[in-house]
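Welcome! Let us take a walk through this structure together, one piece at a time.

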Amino acid sequence: MAPPRATGPAGLSRLASLYGVATSYSPSPDRTVPATDAAVIAALAALDVDARTPEAVRRALAAREAELSARLLPPTVVAWQGGPEPPLAGLLPHGARIRVTTEQGERIAWETPEAVEVLATPEPPEGLEAPEDPEPPEALQPPEAPKPPDASPHAAPPLPHAAPPLPPGVHRLRVDTPAGSAEAHLIVAPYAFPAPPPRTYGLLVQLYSLLSSRSWGMGDLGDLAELAAWSGRALGAGFVQVNPLHAAVPRPVDGASDPSPYRPSSRRFPDPVHLRVEDIPEYAHLDGEARDRVASLARRAAVLRESVLSQGELIDRDAVWELKREALELIHEVPLGPGRGAAYSDFLAEHGEALEDHATWYALAERYGSDWHTWPAPLRDPASPRTARARRELMGRVDFHSRLAWLTDAQLATAQRAALDAGMGIGLVHDLAVGVHPAGADAWAQQRHFAAGMSAGAPPDAFNARGQDWGLPPWRPDRLAESAYAPYRALLRALLRRAGAIRIDHVMGLFRLWWVPEGRAPTEGTYVHYDAEAMLAVLALEAHRAGALVIGEDLGTVEPGVRETLQRHGVLGTSVLWFERDWAGTGRPLPPDRWRADCLATATTHDLPSTAARITGEHVQLRDRLGLLARSAAVEQAEAAADVAEWLALLSRLGMLPGGGGHEEEEIRAVHRFLLATPARMVGVWLPDAVGDRRPQNLPGTWDQYPNWRLPIADAAGRPVTLEELAASPRLHAFMDVFRTRTAPPGARPV
């Protein structure tokens, strides 16, 4: 017999598991930490489940169990093409009529065989009871892997016959049985993701930091196209990976905008601050006062650029945007030619309501401020009659912001085309942030898909005892499943349309996210699980449609089985040299032949010290100056020096450090020789490393103490370096000889 239902902690735990809410987590393999009841109750509340009292838990548990028992299919079903199991095996009931209506309207029907009769188990001898097979006690159930919230607890045994061939796509599935009927979304996707070239290397850069002599105060898409064309042709690079180029939240009236590219207003559309104004076709047709005004704005932009390059000023995204916005408004007044007008109309039709909502948010933000929670109540609902009226009243501004999305998309396409024309096998690698700003356009337009009162983050671990709150509202797994993952599909399709690959920041978020209740410390959160199979299927489908690779950022604490699942599907991981040690054995640096092949291997990232800073120990000095060290500076410095010394000793033993060490540039080159000696399919070069930059682009744990996301690329002396100077730098060319023998071009000067 089944164990009795409980309404105390065990009942809450059972209820939580049925909604994919974890009741504990493991910061290390040998340690399990229970989540607080308050965290679990808050997570359930964000899923519209009342668990505040024992009676509420009893009602909710009975309702959920009845729902799952009666349900023939979950809201979204996955069928893999070319996987280890036949499509839909084990999901469809016996003796059922199946009909699939594809995206294109085609109907595919078949029937599943009747169930094979199974002989009854013989009765036990008199006096002995048949052994029961109850659910294990709550305490023995693994706390780390509750069922995804839409997984059916009553999966049928595998079918003897596979389903007929199904085309990839998002279809409708109908099942009719004698006991009833059900419909669901059906995602059919290739099991294996697109494979990378046999071996390639490329550059990693934060685009805003890459100024050229034509930039308006920060790097732009014209600079990206130039970098791709030059590095592909002159250096043999196969890709350029950039920071997220998502649309940002505008500056509030009483302050500055958030400079982090990882807290965007929208992940669905790019940020027009990256536009190269002079490359817009209508720019050439400005005349009279408008042309003079834009020329004046360009001169002011040149002053802004020089203040960054020559006077030690920080990159000021808000100041750049003020200049560009005025120029773009003047360009917006230039009529589109017939061909351009038709292309713009196609863009509007392709993106439809999503683009209209996006542009409406920006138009409303200009009038009411950049946090939609503070707008008049009727405008907080994107579907309200008042919002529709406001959209009509602001149609000129809505069209302006729609036009900016189109222009930015076009320049992204130009940059990708420049990369491929230069011989790059991959081209641009775009970065997908974990989430969006709670005040921004996506959170407004798609609010029913976000968990109200919750923020994504990370639990306490060995590196951060206080945990992390990223300030990003997480998606609701139930609403995603009900919509066939429509918001997720849309943003992937938009991002992949101009990419050769995509990097998924915190790829573990496809499996679970740490939800932190509003107003609580990160330590008071809990994990909520997503249907990872469906999330991966959508990602695989859109990646194949775009012909793009997928790279997962899987650094830090990773749930057991996640890396293995990603590897089976062909999602590349991320390996950073300084973290690659034999953690299960000696703890020493991992030799190159023991590295995984299916990864992007790098020496550093935007959140870590540059290679020069790590080798010299300057990253410890920086954290000491800012008061960020948990231990004495002497202890931290000694530990960091020992770590570097151990790696350099390995490089020397492998013959990668001919001079034996002591020369910074040669040691940086040796680090990258090591990366090339690994089997990694992709090797990434942090572009600032090529000229000896010391400063990290972002210093986690800081806000005002450090100029995160506002520094230009600089040389070893801290002098900002332009794109033109990078291309002519003897130090860069000597560094790149590790990858491909080249000599500095005529006229190269020291950097």
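**A guided tour of helices and sheets**

Helix 5 and helix 6 cross in the left-handed sense. Their contact draws on A290, R293, V294, L297, R300, A301 and L304 from helix 5, together with A319, V320, L323, E326, A327 and L330 from helix 6. Sorted by class, this contact of helix 5 with helix 6 holds 10 nonpolar, no polar and three charged residues. Before going on, please keep in mind that what you are looking at is a predicted model.

How do we describe such a pair? Two packed helices are characterised by the angle between their axes and by the distance between those axes. For helix 5 (residues 288-310) and helix 6 (residues 317-332), the axes come within 10 Å and cross at roughly 165°. Angles over 145 degrees count as roughly antiparallel, and helix 5 and helix 6 are therefore roughly antiparallel to each other.

Now move along to another pair, helix 16 (residues 618-625) and helix 17 (residues 633-653), whose axes come within 9 Å and cross at roughly 160°. Helix 16 and helix 17 are therefore also roughly antiparallel to each other. Which hand does the crossing of helix 16 and helix 17 have, left or right? Helix 16 passes helix 17 in a right-handed crossing. On the helix 16 side the contact is made by H619, V620, Q621 and D624, and on the helix 17 side by A633, E636, Q637 and A640. By class, the contact of helix 16 with helix 17 includes three nonpolar, three polar and two charged residues.

Next come the strands. Strands of a sheet pair through backbone hydrogen bonds, in either a parallel or an antiparallel way. A hairpin of two residues joins strand 1 to strand 2, and S28 has R31 of strand 2 as its bridge partner.

From there, look for an open sheet of five strands, with the order 3-7-6-4-5 and mixed pairing. Strand 3 (76-81) and strand 5 (107-111) stand at the edges with a single partner strand each, so one side of each has no neighbour in the sheet. From one strand to the next, the twist averages 25°. Within this sheet, strand 6 (residues 169-177) and strand 7 (residues 180-190) pair in the antiparallel sense over nine bridges. Here R172 stands opposite H185 of strand 7. Helix 13 (residues 532-546) lies across strand 3, strand 6 and strand 7, and runs at about 50° to strand 7.

A further open sheet has four strands in the order 14-13-16-17, with antiparallel pairing. Its edges are strand 14 (468-472) and strand 17 (526-529); each has a single partner strand, so one side of each is left without a neighbour in the sheet. The twist here averages 50° from one strand to the next. Strand 13 (residues 454-458) pairs with strand 16 (residues 512-517) in the antiparallel sense over four bridges, and the bridge partner of G457 in strand 16 is W514. Helix 2 (residues 37-46) lies across strand 13, strand 16 and strand 17, running at about 35° to strand 17.

Finally, how confident is the predictor? The protein chain has an average pLDDT of 91, and 91% of the residues score at least 70. Over residues 1-7, pLDDT stays under 50, and the model has 10 contacts beyond four places in sequence for them. Residues 151-161 also stay under 50, with 21 contacts beyond four places in sequence.

Note on methods
Residues are numbered from 1 along each chain as its sequence is written. This is a predicted model: local features need pLDDT of at least 70, side-chain atom pairs count only at pLDDT 80 or more; totals for chains, interfaces and linings use all residues. Side-chain values use heavy atoms; hydrogens and water are left out. Two strands pair if DSSP finds at least two bridges between them. Axes are lines fitted to C-alpha atoms, for helices over the stretch in contact, and angles run from 0 to 180 degrees between N-to-C directions. Angles under 35 degrees count as roughly parallel, over 145 as roughly antiparallel, 65 to 115 as roughly perpendicular and the rest as oblique. A crossing is left-handed if the near helix is turned anticlockwise from the far one by less than a right angle, and right-handed if clockwise. Contact means heavy atoms within 4.5 Å. Ala, Val, Leu, Ile, Met, Phe, Trp, Tyr, Cys and Pro count as nonpolar, Asp, Glu, Lys and Arg as charged, and the others, Gly among them, as polar. pLDDT is the predictor's confidence in each residue, from 0 to 100.
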